[in-house]
Structures are given as structure tokens and as C-alpha cells.
Amino acid sequence: MPERVVLTEAELVSRGELLGQGLAPGAVVHLSGDLGAGKTTLARAIIRGLGAVEMVSSPTYALVHHYRGARGDIYHVDAYRLRHPDEAADLDWQTLTSGEALLVEWPERAAGWVPPATLRIALGHTDDDTRRVMELS
């Protein structure tokens with residue numbers, strides 16, 4: 001059964017770092033939600049939880065970012081800019097899934113190419129926009 005929580009941004013970051021610390025090797029995390037819902041904020045926190053020390057930036061313009069975590073390579077994909085799912089065919093999914101973790105924002109935009117999730121996280125806005133709804137499955 002999915003877990004659903006409402007969090008402030010600080011709580012979202014804290015929860016993300018804990019999630020990163022607890023991810024099993026080879027984890028594939030799908031991050032879905034509306035623009036501005038906190039996907040990149042959460043991805044940064046998860047990557048820090050995995051032990052990456054370098055600055056984690058939004059991969060929107062680079063599509064894929066690579067980080068070195070405490071236990072291995074971490075890949076962060078933002079598929080938002082894909083105009084068609086088949087554009088994801090050009091990504092080296094074998095390499096992206098060979099590391100410690102793969103985080104994919106907007107996985108639905110690369111449908112059919114993105115590996116199955118070991119953890120799905122959906123984020124949404126609340127009415128007052130100071131908190132985020134996070135659903136894990």
C-alpha cells in the first residue's frame with residue numbers, strides 16, 4: 001500500500017536524505033509530479049543521502065548528470081525535455097542502471113525505455129503551496 005505524507009520543504013529534504021541512505025544497491029527511483037512540486041529538491045536530497053559530496057544541480061539542460069556516491073555511481077536523469085519517448089533510446093540505460101542508483105524525473109516522458117522502478121515517488125502541491133504531498137510506492 002502506498003505511503004502518503006504531507007511535508008514542508010525542509011521535511012522533504014530530510015526525508016530524501018534518509019531515503020538515499022536506505023536505498024539498496026542498483027535502485028531505480030521514479031520521481032513524478034507537476035512542475036515545481038519538488039522533484040529536483042528531493043532528488044538532490046536523495047543523492048546527498050547516497051553520499052555524493054559535489055553540488056547537485058538540475059539536469060534539465062544536460063538530461064543526465066553523474067555523481068560519485070559513497071558506494072558507487074549515481075545517475076540523475078530529467079526526461080522533461082524529451083519531445084517523444086523514443087528520444088530516450090539514445091541514453092545508455094545499461095550504464096545508467098549499473099551504478100549505485102538511478103533517479104529519473106518525469107519517467108513517463110521516456111516510457112518504454114526507463115527501467116522498472118524499485119521505488120516510485122509522486123509529488124504534488126497542497127492548497128497553501130508551503131507543503132508538498134509525497135506518495136511512495
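Me: What makes the link between the side chains of Glu-108 and Ser-32 a polar contact?

Reply: The two side chains are joined at 3.4 Å, and the term applies because a polar contact is a pair of N or O atoms within 3.5 Å, where one atom must be able to donate a hydrogen and the other to accept it, and where residues adjacent in sequence count only if both atoms are side-chain atoms. This is a predicted model, in which local features need pLDDT of at least 70 and side-chain atom pairs count only at pLDDT 80 or more, while totals for chains, interfaces and linings use all residues. Residues are numbered from 1 along each chain as its sequence is written, and side-chain values use heavy atoms, with hydrogens and water left out.

Me: Why is Glu-108 called partly exposed?

Reply: Its relative accessibility is 41%, and this value falls in between the two limits, because buried means under 20% relative accessible area and exposed means over 50%, with a 1.4 Å probe and protein chains only. Glu-108 lies in the loop between strand 5 and strand 6, where strands are DSSP runs of E with at least two residues and helices are runs of H or I with at least four, numbered from the N terminus.

Me: What makes strand 7 a partner of strand 1 and of strand 6?

Reply: Two strands pair if DSSP finds at least two bridges between them. Six bridges join strand 1 to strand 7 and five join strand 6 to strand 7, so both pairs meet that condition. Strand 7 runs antiparallel to strand 1 and also to strand 6. Strand 6 and strand 7 form a hairpin with five residues between them, and Asp-129 in the turn has a positive phi of about 60°.

Me: How do you know that the span of helix 1 agrees with its number of residues?

Reply: The expected span is 1.5 Å times one less than the number of residues; for the 14 residues of helix 1 this should be 20 Å, and the end C-alpha atoms are 20 Å apart, which agrees.

Me: Why are the buried residues of helix 1 said to be on the same side?

Reply: The buried residues are Leu-12, Val-13, Gly-16, Leu-19 and Gly-20. They cover an arc of only 125° around the axis, and this puts them on the same side of helix 1, the arc being that of the directions from the helix axis to the C-beta atoms. These buried residues pack against strand 1, helix 2, strand 6 and strand 7, whereas Ala-10, Leu-18, Gln-21 and Gly-22 are exposed on the other side.

Terms used
Contact = heavy atoms within 4.5 Å.
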